[in-house]
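Subject: Handover of a structure and the findings from it

Dear colleague,

Please find below the structure that I am handing over to you. The findings follow directly after it.

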Amino acid sequence: MSKLIIIPTCLLLFAWESAAQSGSSIKGKLIDSLTTEPLAFATIRLESNGSLVKGEVADDRGSFQFVGLKDDKYVIRVEYVGYKTKYIEVGYDKASQRLDLGAIGLSPLSQQMEAVTVTGIKPNVVATLEKQVFKAEQFEVAKGGTATDVLRNIPSVMVNAEGEISVRGSKGFLILVNGKPTQIDAATILSQIPANTIEKIEMITAPSAKYDADGKAGIINIVTKTGTNDGLSLTTNVQYGLPRIKVYENATEPRRYGADLTLNYRKGKWDVSMSANYLKNDIAGRRVGDVNTTINNIFTSFPSDGERSFKRENYGFRASAIYTISKNDELAGGLYLGGRDQYRTADIYYQNNTKTNLLTQRVVGRARYFNPNLVLKSGEFKVFNLDYTHKFRNASTLSLSGLYEDALIDGFTKNSNINIANNKDTLQYTLNTGSNPLKALRLKIDYEKQIGVGKLSMGYQFRQQQQDGVFVYAERSGNNRPLIINPAFSAQVAVLNTIHGLYTQYAGKFKKVEFSSGLRYENAYREFTDNRGSQPNILKLSNLFPSVNVLYDLGKDTKWKVAYSRRVQRSTNNELNPYPEREHSETLEQGDPNIRPEFVGIYETGITKDFKKGSLYWNVYRQQITDIVNRVNSVYNDTILNRVYTNAGKARLMGTEIGVTLVPVKKLKWFIGGNVYNLKINGTLFDKSVIVNSQGWVYSINSNLNYQITPTLSTQFNVSYLSARVTAQGEDSRFYQPNLSIKKTMLNNKVSLSLLWQNTAFGNMKVNEQRISTWGSNFYTTTNYVQETNIFLLNLSYSFNKTDRKTKLPSSEFGEREF
């Protein structure tokens with residue numbers, strides 16, 4: 001069916017463009033007057049005698065073009081949120097049928113006072129029709145880290161003690177890297193991108209139909225840097241971590257160091273970019289826990305205390321080349337080779353494991369043991385992509401692209417229970433291994449054409465992902481005994497996902513209204529099989545995903561928007577695998593092959609305001625979620641809980657977020673943002689044996705204070721705070737992280753040296769510490785995760801021919817999501 005739709009559509013498009021007339025044209029490129037950055041998706045109006053002739057929206061490079069023009073005098077009006085409107089008078093005649101206006105600079109509204117200084121304090125956030133854009137360089141405390149460290153500073157984003165990332169309270173969101181969709185695990189891909197290479201973060205909270213429907217909380221687009229001038233440009237950073245301050249009684253010392261390099265060469269028809277990075281980023285810590293279960297009137301309690309540390313290593317190489325075949329044709333290709341290893345050590349002491357008969361109140365058993373637990377998660381990723389773009393004479397475009405990924409995701413869990421009085425006496429040992437080779441393919445075709453005051457977009461997308469898994473659970477009881485495979489927990493599984501998508505969208509501007517409206521159709525097929533001889537588990541879905549975005553100019557630098565978008569959150573292979581993995585001594589973790597994807601409707605309205613010494617944005621949103629997925633606990637035996645991914649019914653999430661940038665005096669800038677929401681879940685678990693009816697308020701605060709001490713010396717303090725929150729079966733405590741940095745620039749800003757003080761803590765401050773608790777009718781568990789504070793890092797940066805444009809470097813499309 002898809003082929004029947006695609007082939008005639010393509011033939012129609014080619015026939016349409018072949019018959020198009022060349023006409024006369026005016027083109028140009030919009031840039032920030034301070035940074036010379038391209039201004040993507042700005043609105044341009046072509047007027048004559050006060051009337052609108054044509055409207056255009058700039059592409060992601062800030063370029064625009066009007067075609068088919070008559071002899072006349074025109075006024076070009078350029079508008080972009082956060083920038084002063086610009087008017088350009090153009091005298092046009094047949095003698096100049098192709099007029100190139102070159103680079104057109106727009107002045108930021110809130111920064112005209114600072115534009116004369118050496119540094120120039122830039123806006124923290126710029127709001128457009130579909131997105132909010134945050135400049136990465138303003139978060140100096142993230143330097144030398146990863147994309148995760150940048151995201152901690154954004155009001156919509158929350159990162160807890162476990163490194164789990166959520167957007168507006170939801171862990172399901174889609175990651176784009178330079179506009180390319182990726183279905184990888186968010187924590188993995190974000191850890192692969194050095195903070196120093198990021199140009200900006202784009203938060204797309206109500207995505208339009210042209211984007212993949214995946215991600216119930218919306219989309220985060222990470223835009224990386226490259227050179228824009230002809231010739232060679234280079235940026236490199238080196239980081240070194242000073243020895244730890246506090247003792248956590250860990251077996252080894254944490255090590256922190258890294259380097260990254262971005263090289264770009266642009267000349268003639270070639271634009272070549274390369275990027276390499278390596279990061280060793282260990283973190284020390286401990287955990288203190290208490291668990292109890294009740295089975296057949298026997299109350300079992302097993303409090304614990306011990307090391308919980310991470311050894312993390314990331315490395316990657318990316319390269320891309322863009323070749324301009326002609327003024328209308330462009331070919332681009334790229335590759336990404338990367339890997340990640342993470343060892344989690346949890347060496348836990350159980351000093352007082354007791355069993356009590358609730359009928360007699362007598363202690364019927366005691367035990368003491370040491371539980372060393374080591375988990376490795378490892379991934380190797382290879383990605384290749386090829387893109388072709390053709391621009392027709394009437395400025396419409398046709399794009400073809402393909403991406404192929406080959407990845408290997410594997411790891412193990414080693415879990416022992418050892419006699420606390422004799423470390424050579426092993427009471428129990430389990431080895432859980434998993435190997436997940438993955439192959440994935442993405443193909444798409446997109447067409448865009450200017451019609452009236454807007455741009456019509458349409459396209460087709462195909463995705464296929466095949467992942468096989470081999471999971472082996474082996475165990476032994478006592479010393480000098482062979483490992484025996486437990487068939488109940490061992491299996492070979494395979495998951496196939498295939499998605500066909502069609503979309504159409506119309507976006508543009510009419511007078512004071514900027515808009516986009518679209519519809520996306522997706523046909524999805526999911527098949528789960530194993531080696532147990534059971535019938536394949538098949539899920540077929542056919543869904544429509546409408547979207548609407550409207551932005552209205554109220555005047556006086558104030559704009560109001562409303563939006564709606566329907567999204568889907570598909571299950572990862574980890575959530576589908578029904579065979580338990582021994583996470584550590586206290587827990588097993590497993591999925592459910594019958595789990596259903598979550599569908600969500602996003603409603604949003606908001607206002608943006610620019611004023612002389614700052615700016616403000618305020619949004620109110622609501623999400624209606626069907627078949628929300630939770631990881632819930634049940635009792636496996638007296639000392640082990642079973643964590644299961646399952647659908648928990650319907651949910652409603654309502655919230656509001658606000659961000660304010662203030663420049664009260666010269667050299668000082670303060671950004672404060674906040675997000676507060678209420679999540680309500682109604683449903684059942686485990687075949688309606690457990691009723692879920694929970695709700696709670698959650699809020700987060702992000703504050704960022706910058707002070708320019710001298711033209712070459714600056715300091716920054718920031719703090720991110722996440723309140724306590726109610727979960728499906730319990731509560732997570734509050735979590736906060738203050739950070740401080742000081743930066744010195746040299747050699748005309750080509751070299752900078754920064755000292756970073758992360759997780760700043762004094763005295764008994766509970767920084768970088770969080771307690772997670774869950775409970776049910778026959779169990780209770782609480783764990784306090786205490787992670788390292790007062791981390792000092794030195795970062796040295798060098799830039800040659802400074803960069804200010806994004807590079808289309810590829811990223812892992814599917815594999816890292818399953819990491």
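Arg-463 and Asp-214 are both buried. In this predicted model, the two residues form a salt bridge, with their closest N and O atoms 3.0 Å apart. Asp-214 belongs to the loop between strand S14 (198-204) and strand S15 (219-224), while Arg-463 lies in strand S26 (residues 454-477), so the pair ties together parts that are 249 residues apart in sequence. Side chains of opposite charge can pair when their charged atoms come close. The pair also belongs to a network of salt bridges that links Asp-212, Asp-214, Arg-442, Arg-463, Arg-520, Glu-522 and Arg-570. The structure holds 27 salt bridges.

Two further salt bridges may be described here. The side chains of Arg-596 and Asp-627 meet at 3.0 Å, N to O. This pair links distant parts of the chain, 31 residues apart: Arg-596 is in the loop between S33 and strand S34 (598-611), and Asp-627 is in the loop between strand S35 (614-626) and S36. Asp-732 is buried, with a relative accessible area of 6%.

The chain as a whole

The chain has 819 residues, of which 57% are buried. Its secondary structure comes to 5 helices and 48 strands. Among contacts with a separation of 6 or more, 68% are between residues 24 or more positions apart. The accessible surface comes to about 34400 Å², and carbon and sulfur atoms account for 57% of that surface.

Strand pairing

Strand S30 (residues 537-555) and strand S31 (residues 558-569) pair in the antiparallel sense over 8 bridges. Within this pairing, Val-548 stands opposite Tyr-564 in S31. S30 and S31 form a hairpin with 2 residues between them, and Lys-556 in the turn has a positive phi of about 55°. S31 also pairs with S34, again in the antiparallel sense, over 12 bridges. There, the bridge partner of Trp-560 is Ile-607 in S34.

An open sheet of 4 strands has the order S32-S33-S37-S36 and mixed pairing. Which strands stand at its edges? They are strand S32 (581-584) and strand S36 (629-637); each has a single partner strand, so one side of each is left without a neighbour in the sheet. Neighbouring strands of this sheet are turned by 30° against each other on average, with direction ignored. S32 is joined by 3 bridges to strand S33 (residues 587-590), and the two run antiparallel. Glu-581 has Glu-589 in S33 as its bridge partner.

Backbone angles in two loops

Most residues other than glycine have a negative phi, and most peptide bonds are trans. Gln-361 is not a glycine, yet it has a positive phi of about 60°. Gln-361 is found in the loop between strand S22 (329-357) and strand S23 (362-391), and it counts as exposed at 57% relative accessibility. Lys-667, likewise not a glycine, has a positive phi of about 80°. Lys-667 is located in the loop between strand S38 (650-662) and strand S39 (668-685). With a relative accessible area of 35%, Lys-667 is partly exposed.

A nonpolar patch on the surface

Finally, there is a nonpolar patch on the surface, with about 1000 Å² of accessible area together, formed by Val-238, Tyr-240, Leu-242, Tyr-707, Ile-709, Ile-742, Met-746, Leu-747, Leu-753, Leu-755, Leu-794 and Leu-796. Which elements give two or more residues to the patch? They are strand S16 (231-241), strand S40 (690-710), strand S44 (735-746), strand S45 (751-758) and strand S48 (791-800). Ile-709, one of the residues of the patch, has its place in strand S40. Ile-709 counts as partly exposed, at 33% relative accessibility.

With kind regards

Notes. Residues numbered from 1 in each chain as written. Predicted model: local features only at pLDDT ≥ 70, side-chain atom pairs only at ≥ 80, totals over all residues. Heavy atoms only, no water. Buried < 20%, exposed > 50% of the residue type's maximum accessible area, 1.4 Å probe, protein only. Contact = heavy atoms within 4.5 Å. Areas by Shrake-Rupley, 256 points an atom, 1.4 Å probe, with all protein chains shown as cover. Patch = residues over 30% accessible without salt bridge, like charges linked within 9 Å, V, L, I, M, F, W, Y side chains within 5 Å. Salt bridge = Lys/Arg side-chain N within 4 Å of Asp/Glu carboxyl O. Pairing = 2+ DSSP bridges. Axes fitted to C-alpha atoms, helices over the stretch in contact; angles between N-to-C directions.
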